[in-house]
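Dear colleague,

Please find below the structure that I am handing over to you, followed by an account of what was found in it. I would be grateful if you could read the two side by side.

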Amino acid sequence: MTYLTSQALEETGYVLLDPIGALPDAAEWLDLEYTGWRSAGVTRFAPLASYSGDLDCNGFWNHTPPRTDKDGVWVTEQVERAPTLARLAQEPGANIGRCRVVELQSNSYVDALYNLHQDDNNRLNPPGTGWVVRGYLNLTDDPDSVLILREDRLDAGSEVRLPLSAGSRIVVDTQRFWHAVWHPGPAPRYALVVSWTSGPELDAYIAENNGTAHPEQRRLDPAFVEAAQRDMVRRLEERRRTLAGFDAVFTAGPIHPV
């Protein structure tokens, strides 16, 4: 199937933009209403735009009628608390689906690898329309934290690590990449996450903000990466065996009391 994609993302699948000059007051994200929502680690989300303007984090395809991650409806009470964040999300002029602030508690590198996942932004997306990607704006200063991207979940050699200092901005095709954030902490990390539809508006925004497909990355000791990789693979195998055990119980038929 053919979609309208962003030319800026063709080479690597991600770009790093210039950081924003000044962040909004922290009250804009600290005073929002959050809801528990499992992502990649211990997280909560504060929706700014959702399927119908409710405090809801679910994919738009899980509603009636189902649709792809486009045409989000602003959550009035949240936008009133965070008008600058809403304005920043709308700055590119691209169609917006879900728009949320994510709160991530501290985790380990191994935890982040174990929680690598791919998004499903383009479920039900009609061919010929814009491909949905994600924009990230880091709201807290987390210079030791990184956004981890892998095209192959189990291939450490494919790993990209993008630093997350205050005001850093990243646009990435999160359906292409397995991704998660490694956040050593100690305080929670906050970021604005927006589903944008690819097209000329998004490309112009990326160009205006000097988007680069080859930003400086965080380097790690290869031995550290190798040890974490082994631990991640072990944990995934343990989970596979556990789930296989549950499947065996549920497919074996009813359990009769002795």
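In what follows, a residue is called buried at under 20% relative accessible area, exposed at over 50%, and partly exposed in between (1.4 Å probe, protein chains only). By that scale R235 is partly exposed, at 23% relative accessibility. R235 belongs to helix α6, where helices (H or I, at least four residues) and strands (E, at least two) are DSSP runs, numbered from the N terminus.

Two remarks on the source are in order. This is a predicted model, in which local features need pLDDT of at least 70 and side-chain atom pairs count only at pLDDT 80 or more, while totals for chains, interfaces and linings use all residues. Residues are numbered from 1 along each chain as its sequence is written, and side-chain values use heavy atoms, with hydrogens and water left out.

Salt bridges

Side chains of opposite charge can pair when their charged atoms come close. A salt bridge is here a side-chain nitrogen of Lys or Arg within 4 Å of a carboxyl oxygen of Asp or Glu. The whole structure contains 16 of these salt bridges.

One of them joins the side chains of R134 and D119, at 3.0 Å from N to O. Because R134 lies in strand β6 (residues 132-138) and D119 in the loop between α4 (109-114) and β6, this pair ties together parts that are 15 residues apart in sequence. R134 is buried, at 5% relative accessible area, and D119 is buried as well, at 13%.

D231 forms a salt bridge with R234, with 2.3 Å between the closest N and O atoms. The two residues are 3 apart in the helix and are thus separated by about one helical turn. D231 is partly exposed, with a relative accessible area of 24%, and R234 is partly exposed at 41%. In the other pair, R241 forms a salt bridge with E237, and the closest N and O atoms are 3.0 Å apart. R241 and E237 are 4 residues apart in α6, again about one turn of the helix. An α-helix has 3.6 residues a turn, so residues three or four places apart point the same way. R241 is exposed, with a relative accessible area of 58%, whereas E237 is partly exposed at 27%. Elsewhere, salt bridges that share partners join D69, R98, D119 and R134 into one network.

In helix α3 (residues 83-90), the buried residues are L85, A86, L88 and A89. They lie on the same side of α3, because they cover an arc of only 160° around the axis; the arc is that of the directions from the helix axis to the C-beta atoms.

E33, D54, E77 and E80 form a negative surface patch. Patches are made of residues with over 30% relative accessible area and no salt bridge, with like charges joined within 9 Å and nonpolar side chains (Val, Leu, Ile, Met, Phe, Trp, Tyr) within 5 Å. Asp and Glu count as negative, and Lys and Arg as positive; His and the chain ends are not counted.

Backbone features

Most residues other than glycine have a negative phi, and most peptide bonds are trans. Which residues are joined by a cis peptide bond with omega of about -5°? They are T64 and P65, and P65 is placed in the loop between β3 and β4. The peptide bond from G185 to P186 is also cis, with omega near 10°; P186 is in the loop between β10 (178-182) and β11 (189-197).

D71 has a positive phi, near 60°. D71 is in the loop between β3 and β4 and is partly exposed at 47% relative accessibility. L124 likewise has a positive phi, near 70°; L124 is in the loop between α4 and β6 and is partly exposed, with a relative accessible area of 48%.

Yours sincerely

Terms used
Accessible areas come from the Shrake-Rupley method with a 1.4 Å probe; for residues, only the protein chains shown count as cover. The place of a charge is taken as NZ of Lys, CZ of Arg, CG of Asp or CD of Glu.
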